[in-house]
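Please look through the sequence and the model below. The text after them takes up a few places in turn.

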Amino acid sequence: MFLKELTELSGVSGNEYEVRNYIKNKLKEIGCEFYVDKLGNVIAHNKGKKNKKIMVAAHMDEVGLIVSHIDSDGFIKFQAVGGIDQRVLNSKVVTIGENKINGVIGSKAVHLMKGEEREKSIPIDKLYIDIGTDSKSETEKLVNIGDYVTFKSDYVEFGEDLIKAKALDDRAGCSALLELLSMKLDADFYGVFTVMEEVGCRGAQTAAYSLDPDFSIVLEGTVSADMPEIKDHSKVTSIGKGAAISLMDSSTLYDINEVRKVERIAVENNIPYQLRKSSAGGNDAGPIHKTKDGSKVVAISVPCRYIHSSVNVASINDYNSVVQLAKLVILDNQKGE
Amino acid sequence: MLKEFLTDICQTQFVSGFEHINGDKLIKYFEPYTDTYEKDKVGSYIFKAGGTNNAKIMLSAHIDEIGLMITKVLDDGFLSFTQVGGINPASLIAQDVIIYGRENVFGVIGIKPPHVTLAEDRDKTVPLDELYIDTGYPKEILEKLVTVGDVATVKRELVSLQDDVVAAKALDDRACVAVMLETAKELKKISHKSNIYYTCSAQEETGYRGAITASYKINPDIAIALDVTFGKAPEMGSEVPQLGKGPAVCLGGRFNPKLTKKFIDTCNNYNYPFQYEVAPAATGTDTEGIQINREGVPCILLSIPLRYMHTSVETISLKDVEITGRAIARFINELDNSDLEEILCF
């Protein structure tokens, strides 16, 4: 499991180099052949028994912020990279740019808020980052327009088997894929660590084009609305109930025969699983299943509460179920006919 | 030293009404510069540095912080909670927290993911009673670790920003506890005639209750109340004090005008930068309680400018803490060499 190291790296969409470098080093250690394509995807090849071309994808990028302006007092304005609910930004510690400059996103004191102000969340264009300087020129020495901004949030293991970190969407998938590649399975597959999923699945599109897979598996950290006051049928997935197999989302209708096959493998091998029940959200499966003449695709995910915030929560047992299930699905697809 | 103290003390739980749990931590820091201490019945810690005359000067900075109190242990590892002191629920979303139960329990406060959130809901804040702490424990285990009435705070380590600026939770008012420590250190060096009472007051956030009883007990001749004030930030007007430019001296009816002038003169004479702040009536600080204690106590109020008050990223300049601590030591020295009665006489 590489979750601690991976979630502590910064990799906002379009700026995945820390994650890419980590993964490249790991692949070298594992002794796995790989190359980096024109968009920055890392494409690794596990050689083995083969009767079809399999692509297993996990995205390296995470949601974050990008510096858009420095005001006359040295405060930093920003835009969101990927889908961020403005309400998760209040009172946060962030790091900016390659030099990891510390900053905070504050909020007007509650004492000074009028009645109706207290009921409204602060829109992103009214928020700013404070790095403790008091002039534009001082800030400009440390921060550039276009610098990427990452949440500062430690990896913590808590409760019975939970972890809290930023970017479990989709470092959970990256960690699972690294584990699969390190198993040296006698089953041929390409492990693709994609870029820019959160801003339109850009990397998956070009990787799928160059690989042209027959069958693909997307490994994700996915939505879990498993919280009090949410009706059972709206939870999408639940933490601790196993690997989530997608039925559909906004980008893909997963091939139902393949979905049932994955379910059967889970049942036969006593791997806890659940079906992901929502049409919302999308992932790399979208472009992958539509590239060239198409690919069959399934998505196997780790359910994550509070996704797209600095405090993603997931179950280690669920994560392990994802790794086990993905392994068996790869083996099943490459076994002799 | 200053930063180490604040790093340690800001991480420590002192939720209003629960100050006694970690109060002894203060002793370690104040003991080298003071002679005796006492804990009072409400939760304040009073450190006394004895002098050679009979004058009694009370310094007061509140040790307590805003926090959360558990109201119910729910199913699936969730806890509901209410607030202790004035909290903006918006500042709690997507935070790590620690519940101070039978043991310290880690949790997070999250909100619903986007797919079950209507677009218009993003523009609204989530009320406190719709937020939950997620602990990851089954209910039967959680019930053994946490009970209704336990308190929790956001988990936050002090973060260093540029130029002596730091961000942390509870800098309201630990920044001013640090000011007292600076003053105590200075006065230890230059000695003093008055008896100085460094008061880490309790329950300020719920109505400056510790200052009421502590000032009764001390019965001081004068008091210097220390708190934080709203510092300049983009959402604030231009009239508020700025970080790094010294303490804000508060002017208004709660404060003795001649004593305030004496402090300003001291700053001018010894080149300590300071700023002004005006409060014609209530300030919500310890002066509210101290000024009308017994027959009355002449007070001044000095404030450290702070941004994002009552969030977990309260931001101050350490420069202001140092300046204020030293200016107060010099001020006390000046008072020692003046006729206090004459200053206080209208």
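In this predicted model, Glu197(A) sits in a loop of chain A, with strand E12 (189-194) on one side and helix H5 (202-211) on the other. An unreviewed UniProt entry lists Glu197(A) under "active site". Glu197(A) has 30 C-beta neighbours inside 10 Å, so it counts as buried; the cut-off for that class is 20 or more. Setting aside residues within four places in sequence, the contacts of Glu197(A) are His59(A), Asp61(A), Asp170(A), Gly203(A), Ala204(A), Asn283(A) and Asp284(A).

Another loop of chain A, between strand E8 (129-130) and helix H3 (136-142), holds Thr133(A). Thr133(A) is also buried, because 24 C-beta neighbours lie inside 10 Å. Not counting residues up to four places away in sequence, Thr133(A) touches Gly74(A), Glu138(A) and Thr139(A), and in chain B Gln162(B) and Asp163(B). Asp73(A) is 60 residues away from Thr133(A) along the chain, and the C-alpha atoms of the two are separated by 7.9 Å.

Two packed helices are described by the angle between their axes and the distance between the axes. For helix H1 (residues 2-11) and helix H4 (residues 171-190) of chain B, the angle is about 140° and the axes are 10 Å apart. H1(B) and H4(B) are therefore oblique to each other, and their crossing is right-handed. On the H1(B) side the contact is made by Leu2(B), Phe5(B), Leu6(B), Ile9(B) and Cys10(B), and on the H4(B) side by Leu171(B), Arg174(B), Val177(B), Ala178(B) and Leu181(B). Sorted by class, this contact has nine nonpolar residues, one charged residue and no polar residues.

Technical notes:
Residues are numbered from 1 along each chain as its sequence is written. Chains are lettered from A and ligands numbered from 1 in the order in which they are written. This is a predicted model: local features need pLDDT of at least 70, side-chain atom pairs count only at pLDDT 80 or more; totals for chains, interfaces and linings use all residues. Helices (H or I, at least four residues) and strands (E, at least two) are DSSP runs, numbered from the N terminus. A residue is buried if 20 or more other C-beta atoms lie within 10 Å of its own, exposed if 12 or fewer, and partly exposed in between; C-beta atoms are placed from the backbone. Two residues are in contact if their C-beta atoms, placed from the backbone, lie within 7 Å. UniProt positions are given in the numbering used here, feature names are shortened, and annotations may be inferred rather than shown by experiment. Axes are lines fitted to C-alpha atoms, for helices over the stretch in contact, and angles run from 0 to 180 degrees between N-to-C directions. Angles under 35 degrees count as roughly parallel, over 145 as roughly antiparallel, 65 to 115 as roughly perpendicular and the rest as oblique. A crossing is left-handed if the near helix is turned anticlockwise from the far one by less than a right angle, and right-handed if clockwise. Ala, Val, Leu, Ile, Met, Phe, Trp, Tyr, Cys and Pro count as nonpolar, Asp, Glu, Lys and Arg as charged, and the others, Gly among them, as polar.
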